[in-house]
Number of protein chains: 2
Amino acid sequence: MDIADRRKANPDHWRLAAAIRALSMDAVEAANSGHPGMPMGMADVATVLFRNHLKFDASAPNWFDRDRFVLSAGHGSMLIYSLLHLTGYEQMSLEQIKNFRQWGAITAGHPEYGHVEGVETTTGPLGQGIATAVGFAIAEESMRAQYGADLCSHKTWVIAGDGCLMEGISQEAIGLAGHQKLKNLIVLWDNNDITIDGRVSLSDNTDQLKRFEASGWRVLACDGHDAADIDRALTDAASGVDDRPVLVSCKTIIGYGAPKKQDSSGAHGSPLGAEEIAATRAAYGWEHDAFVIPEDILADWRAIGSRGKTARMEWATRVDASANRDEFARRISGEGSEKLAAAIASVKEAAIANKPKVATRKASEMVLEAVNPVLPETLGGSADLTGSNNTKTKDLGIFSPENRTGRYIHYGIREHGMAAAMNGIWLHGGFRPYGGTFMCFTDYARGAMRLSALMGLPVVYVMTHDSIGLGEDGPTHQPVEHLAICRATPNTLTFRPCDVVETAEAWEIALTEQETPSILALSRQNLPTLRETAGENLTAKGAYVLREASAEPKVVLMATGSEVEIAVAAREALEAEGIPTRVVSVPSMELFRDQDVDYRASVLPAGTVRVAIEAAVRQPWEWLLLGERGREEKSGFIGMADFGASAPAPTLYKEFGITAEDTVALARKLLG
Amino acid sequence: MDIADRRKANPDHWRLAAAIRALSMDAVEAANSGHPGMPMGMADVATVLFRNHLKFDASAPNWFDRDRFVLSAGHGSMLIYSLLHLTGYEQMSLEQIKNFRQWGAITAGHPEYGHVEGVETTTGPLGQGIATAVGFAIAEESMRAQYGADLCSHKTWVIAGDGCLMEGISQEAIGLAGHQKLKNLIVLWDNNDITIDGRVSLSDNTDQLKRFEASGWRVLACDGHDAADIDRALTDAASGVDDRPVLVSCKTIIGYGAPKKQDSSGAHGSPLGAEEIAATRAAYGWEHDAFVIPEDILADWRAIGSRGKTARMEWATRVDASANRDEFARRISGEGSEKLAAAIASVKEAAIANKPKVATRKASEMVLEAVNPVLPETLGGSADLTGSNNTKTKDLGIFSPENRTGRYIHYGIREHGMAAAMNGIWLHGGFRPYGGTFMCFTDYARGAMRLSALMGLPVVYVMTHDSIGLGEDGPTHQPVEHLAICRATPNTLTFRPCDVVETAEAWEIALTEQETPSILALSRQNLPTLRETAGENLTAKGAYVLREASAEPKVVLMATGSEVEIAVAAREALEAEGIPTRVVSVPSMELFRDQDVDYRASVLPAGTVRVAIEAAVRQPWEWLLLGERGREEKSGFIGMADFGASAPAPTLYKEFGITAEDTVALARKLLG
């Protein structure tokens, strides 16, 4: 059916969709950059979705029981910006649309969570949206199980493109969703057969329907430009005839209606140009100037935007009537729990009393054993390293299709999918997700971990086996550069605690955070309890004096995690030689950087020899070795300059020169 | 069929496989760490593969036309070590097996490329092996197309576990292999239904056969403990009845024969223990002491190891007789080409003459246009950003099932798969692969990029859009921490050239390298030609004086890439104020670190104000700001402290304070 026939066949629908298309091409043109093709191609699907299916109320964007809409193909950001404007989201003024991709506008090139209500998650890096949506759907199932369908019952709708489906993370997401039978997750595949390099067939011939089916999805298809057919498919998808998540293949034409550029990569990532826009307007029968939406069309869209108001009011009434009202409110607010402090204190005090010698991964488990029973919002998991990450505590139960109240997720061997799902779980609301893998496999999860930081989501990464201290598994499993990677990433708290007390303190901070993800780098090997006081959360200062020198310090030894023990032993040896030596534990460089200059100088005074000890690369330490009130300090580093090796951990520490003896020798040399 | 019946049914096979099993459990026990279950489960499949199918000659491990064997499930390293020892690879002595996982042994916890001949690629991080194998298979097809089946015709066999198939990278690999119809790639899936956390069904229900079929694979299945059935399946897989890659599902039992631990995760990752080993020996009917292989069994294995000798000799005869003998020898040696220098010089000289103002991504294309026609070993590609990465040159042709002589690969939206494939292409021999994506999406490829560095493979990553300079696409696409990430990674050359000349020099180094991967961080935006001389490769020094001060410098401005232009402008302003200012371009920190201390001090003399300018985080700069012959320098940094934003690039530079004016102001302030 050609475009004129489409218009005639369903003029009422056509004009609504045309408004999206016009705004999208106009905004991209005005910005002189952007991606018009995808919004033009998916306008019909999006119109039917918002008009007939999506549960939302534009006047209350944060209504908890709304359906979530995730634009996984984030380059098509003008699709969602158009929808938000047309349906009446207050923040999305026409002015913002006109300022698409400009400094200070909320209409960033790709949809950014936190810039504007209605954007549920940041997308753009392909595949992240669909994988994050799995987290939304998990959270919805879990919350519904905990509070009942009266308070929580909604769907997660995703628009994903070929790029999303080609990225590896999509398979992790699909596999996890299929296994978990997330029936309220519906993915609308913008099946336009075009990627940036050309036709999809240049690089892929995957039968996506068959692939999704193989991972336990229900699959449907529709003509993505036929409103009735779209409506049929979406109705079917939402019907919940069985418990599988649903993929709907929407056959579309990218840049639909642009006579010269449609159905080609030319419509994907650059403005159409004035001439092509004029021709497209003609093809659409859209006779309005740039950015002009006729009153009647806008009114119809605004009516769509308020479609969900009644449902929202009814939900609010149900919440008010609920016995769980207060706790539900606390949960969905994301606020911390007042019960946390006591749980943390109990772990710290027991550690001070009993001086356990345990790995910090075990310490983390001890913390979680205290925390999980009193914080029902935690939702734990591991990427198939449960026994190694020590992430599962006795009370949690396994989250599964058979047990939706379980609070522990077997994410499978899917680090990237896990990290993205954790982002989605937090974004959904109601939970504080944490998940574990080996520190080295932050590599696999980087894409989603960066989004945790960029979006400001306080998810917790439990990263065990954090150095050569893991021993025999060898260099493929031994992180060397990963602390540097985490510390180089903005808005990321990297903790490397040295014992049970610091581990508990790091967890306390992580579970109190509102805007920053935490990475806990934890040892495989046992470590002594070094802290002598349980009171103040000293980890919150980032670095602090763990062992004072016997006199004005001549040497300051800085260390983190498993190397603090080495620093303490080196201090004893240096003190025995009459060299006053201080040990500074540095559980979080970021938090230390946030301290005022006086505190920093009091911890790291000028005029001493400084030696940093960390079984990792030197790069993040330079600023601490440098000193800040002058540069007269002599300093040195005990750590790794290359990849590790396969051998028992004590051998590795000795062979790589990360011992108390090496530290003492370096300090002596620097003293001259 | 129980184990006793298996033994009786095929005693000749059984004893060969039992030798693998015994060595594996003995070595893990002696090391007191490791993974016995997988070698015990896959011993039958591996025995049939090596005995009847794999083309190899243990006396010539590097024979170019051997079949490649990739143990993607690298934790089962004792499987390959056993095979190498039994078949007679000289390096793999029994002593090495006994020293499994010990310092200095070649028998690392996971198979490490370069430690021992016969290990074709480093594995352990799951999914890497199967994705690297796709590169082997691509290289084989390409080499065969270029030199004929007489010189190159072999298969790539992979053993992959459930973990490999659950990782997202596997989908990228599967999709790419299916699309490219890599019929000589055969994956043997160790279908044992166990992961570390328990049964696979805890986290996944994917129908793997259907999934592989959906991506264009032929799928077969066999009983992984029935030698005849395995042989049938492998014969079928190798028959090449059609042009699809082949998956063989081998139904196995992990820890096969260990009475208490088999078929459970208890057999996966820890020693069986003396008692269980004794019981297993009894079940196997294996009456020999630990590490003892009876002469007759060893003799049979050694005969298997020399099975391929005749084929190898015939191949050598064909090579000798080939008209292409010398070039073929050069190609498979991996040596650089003497033609490179002239090609690079031509680009540099033209740039000095014409002073083009182009993006360094365009500069990179200019280099490739000169290099690709004279270096037939280059094999380029992009993860669906061809027009943005400027990676395709006119002469290359597209590598596809229809055109195996094409030298450009449309990798699809598969950054991780591309990086792993590049590793495989280099490891195979005959090629210098390069591939492009956006710098920010190093995140997606990190797992494989780390292996490039760990293995020491001189592949080239063409990473364009390397800063906020990409503008409107916004923070999801703007790398900020990625230069720090690359620079923190051992054995990685990170280049950020400032103009065409430096870009050409970086390429010259990258294409000459033998043991280190290169990352080229290239601008989206146009940059002036700043270099004034074409002679010496100054980039090889890592940093050098680009603009000298008018007198003894009071200020040294350091910068890379697109910010060198800013440094040059700031210098002019400072000089105009009478402040002698030097500009140092720092295209590669790693190479600068390798220079002797005198050179470094000559470039960055003591006693000046130092300002570094880079539109990225400060972390990697600290050591250069510090100075090395004393610490009296005052220094400062002009760069990014947080994520970027969506706006035109010039606005972003201004708003984030990365301009000549900001630099001048900071230098003035530091001068006091």
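## About the model

This is a predicted model, where local features need pLDDT of at least 70, side-chain atom pairs count only at pLDDT 80 or more, and totals for chains, interfaces and linings use all residues. Residues are numbered from 1 along each chain as its sequence is written, chains are lettered from A and ligands numbered from 1 in the order in which they are written, and side-chain values use heavy atoms, leaving out hydrogens and water.

## Chain A as a whole

Let's start with the overall shape. Along the principal axes, the C-alpha atoms of chain A fill a box of roughly 95 × 55 × 45 Å. Of the 672 residues in chain A, 69% are buried (under 20% relative accessible area, with exposed over 50% and partly exposed in between, using a 1.4 Å probe and protein chains only).

Now for contacts, meaning heavy atoms within 4.5 Å. Among the contacts in chain A with a separation of 6 or more, 78% join residues 24 or more positions apart.

## Two nonpolar cores

A nonpolar core is a set of buried Ala, Val, Leu, Ile, Met, Phe, Trp, Tyr and Cys residues joined through side-chain atoms within 4.5 Å. The largest one has 72 residues, and B:Ile138 and B:Leu185 touch the most other members. A second, separate core has 71 residues, including A:Trp63 and B:Ile413.

What is B:Leu185 in contact with, leaving aside its neighbours within four places in sequence? Its partners include B:Ala133, B:Thr156, B:Trp217 and B:Pro245.
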